[in-house]
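Subject: Structure for your review

Dear colleague,

My notes on what was found in it follow directly after.

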Amino acid sequence: MSSEGERHLHPAEIVLAALENLREILIAAVVGLLVGGGAGGMPPLAGVMLALGGVVVAAVVGYVRWRHTTYSVAGEALHFRRGVISPDETSVPLGRIQALDSTQGPVQRLFGVQELHVQTAGGGSEGEIVLRAVSAAAAAELHAAAGLAAPVARDLPEWRLGLGALLVTAVTAPQLGVILPLVGAFAAAGDDVFFGRGEGERLIDTLLDDPGALVLVVVAVALAALLLSFLGAIVAFAGFSLVRDGERLRIRRGLLARRAASVPLARVHAVDVVEGVLRRPFGLASVRMETAGYRSEAAAAQTLLPLVRVRDVPRLLAEFVPALAEEAAPPARGEAAALPAALSLERPPARARRRYALPPALLGGALGAVLIAAVPAAWPAAPLLALIGAVEGLLRHRSAGWRDDGRRLVVRSRALARRTLLARVDRLQEHGLRASPLQ
């Protein structure tokens, strides 16, 4: 891109800004209706006029924001300026730009534009500069100006997630830690929206008096969470592909919002091989990367391989992230391979079993005591949960291990999933040592 003065974003930015403003207006309106309980009985015509007025205001504000948002390349830097009353300007030297990641949501695809995230070594999850609507030609010019032109070579190393593997990924990767709080929030809101005052409390009392109904509700919530997690994985990883272009990894993924990321290999400091509870019995795992500038992003954005056989991990690391691969030659075709250092890890001493087993056993006993307080007939649950906790702790002790060969640090641990972290020793910035009085 030549230095030819400031440029506006593609006019599609007007629509994107208007939709963002309209969403904020709608959220404020819905909150007002919920808080006010819908009092006042607004006539239908007045409601329609209010909605049209919101659309007009959103469009006008979107146009004003578009007119006051510009970018340019001048003085070996990318300059981005936005704001009406107090404009903000961000300048990033072209030499600091390490990647230009792109995203195409439904609106961007409709107008044939893309959203560019300018990534630097110290950037955040969204990039130091975000250009929300640029044409393909403008994006190509920015790539060329930053020295990040698209690959033209043929036969680059490539890995793709097929349809069958995508379905297995979605089935075996429940994200309950994210989905259950969302379901709980909807349930809390539904208490006020769908039930009258006090009806929610009476419903809870009824469920506590009827264990069968309570179990059905818990199962229904769990199934809803699993369904949302399944659909979320499909949306996040559909069309996933990984390409190694010299010293750069190019990752594409997404169903509704198509994302393309370019990650320099020098920024990949470690990989984390995660064998989930539903995957480990089948010898499957996912591989995540620890990279500078991407640490605060969602798990999907840190995924190097969504689903892979554990025995294939050494070969794929040698192909895509050689700095973290085993130095020895890969096994011959058809020969079984294990994770690096699987047989030569240093293990915790036997006396550490108590430290692994005691905390989860105490936690299980405490949960059992709470359950007994709520349902006295469930008294056998206390020793059973304590026993389950102790067994879980012993399994963690059995899985734990580490190795430092001077080039890579390999650390294996287990909670519910077994994780094997492979980190570059030359990129480690600190280490700590802690010992309790008993130790």
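The largest cavity has a volume of about 50 Å³. A cavity here is a set of points on a 1 Å grid over the protein atoms alone where a 1.4 Å probe fits but cannot get out; grid points are joined across faces, edges and corners, and the volume is the space filled by probe spheres set on the points. The search of the whole structure finds 1 cavity of 30 Å³ or more. Its lining consists of Val73, Leu78, Leu94, Ile97, Leu100, Val118, Leu142 and Ala146, where a lining residue has an atom within 4 Å of a point. By class, this lining has 8 nonpolar residues, no polar and no charged ones (nonpolar: Ala, Val, Leu, Ile, Met, Phe, Trp, Tyr, Cys and Pro; charged: Asp, Glu, Lys and Arg; polar: the others, Gly among them).

Please note that this is a predicted model, in which local features need pLDDT of at least 70 and side-chain atom pairs count only at pLDDT 80 or more, while totals for chains, interfaces and linings use all residues. Residues are numbered from 1 along each chain as its sequence is written, and side-chain values use heavy atoms, with hydrogens and water left out.

Overall composition

The protein has 11 helices and 17 strands; these are DSSP runs numbered from the N terminus, with helices being H or I of at least four residues and strands E of at least two. Of its 439 residues, 37% are buried, that is, under 20% relative accessible area with a 1.4 Å probe and protein chains only, whereas exposed means over 50% and partly exposed lies in between. Among contacts with a separation of 6 or more, 59% are between residues 24 or more positions apart, a contact being heavy atoms within 4.5 Å.

The seven-stranded sheet

An open sheet of 7 strands has the order β7-β6-β5-β11-β10-β9-β8, with antiparallel pairing; two strands pair if DSSP finds at least two bridges between them. β7 (129-135) and β8 (158-160) stand at the edges with a single partner strand each, so one side of each has no neighbour in the sheet. Neighbouring strands are turned by 15° against each other on average, direction ignored; axes are lines fitted to C-alpha atoms, for helices over the stretch in contact, and angles run from 0 to 180 degrees between N-to-C directions.

Helix α4 (residues 136-145) packs on this sheet and touches β5 (97-104), β6 (113-120) and β7, its direction making about 135° with that of β7.

β9 is joined in turn to β10 by 4 antiparallel bridges, with Ser241 and Arg252 as bridge partners. These two strands form a hairpin with 3 residues between them, and Gly246 in the turn has a positive phi of about 65°. A further hairpin, with 4 residues between its strands, is formed by β10 and β11; there, Gly254 in the turn has a positive phi of about 115°. β10 and β11 (residues 258-264) run antiparallel and share 6 bridges, and Arg252 stands opposite Ala260. Because 5 of the 6 residues of β10 are buried, this strand is largely enclosed by the rest of the structure.

The six-stranded sheet

The other open sheet to mention has 6 antiparallel strands in the order β14-β13-β12-β17-β16-β15. Its edges are β14 and β15 (401-404), each with a single partner strand, so one side of each is left without a neighbour in the sheet. The twist averages 15° from one strand to the next.

In β13 (residues 284-291), 6 of 8 residues are buried. This strand is joined to β12 (residues 268-275) by 6 bridges and to β14 (residues 303-309) by 4 bridges. Val273 has bridge partners Val287 in β13 and Thr420 in β17.

Helix α9 (residues 313-320) lies across strands of both sheets: β8, β9 and β10 (248-253), at about 50° to β9, and β12, β13 and β14, at about 145° to β14.

Glu76, in the loop between β2 (70-74) and β3 (77-82), has a positive phi near 60° although it is not a glycine. Glu76 is exposed, with a relative accessible area of 63%.

With kind regards

How values were computed:
On a 1 Å grid over the protein atoms alone, a cavity is a set of points where a 1.4 Å probe fits but cannot get out, and a pocket is an open set with protein on both sides within 12 Å along at least five of seven lines; lining residues have an atom within 4 Å of a point.
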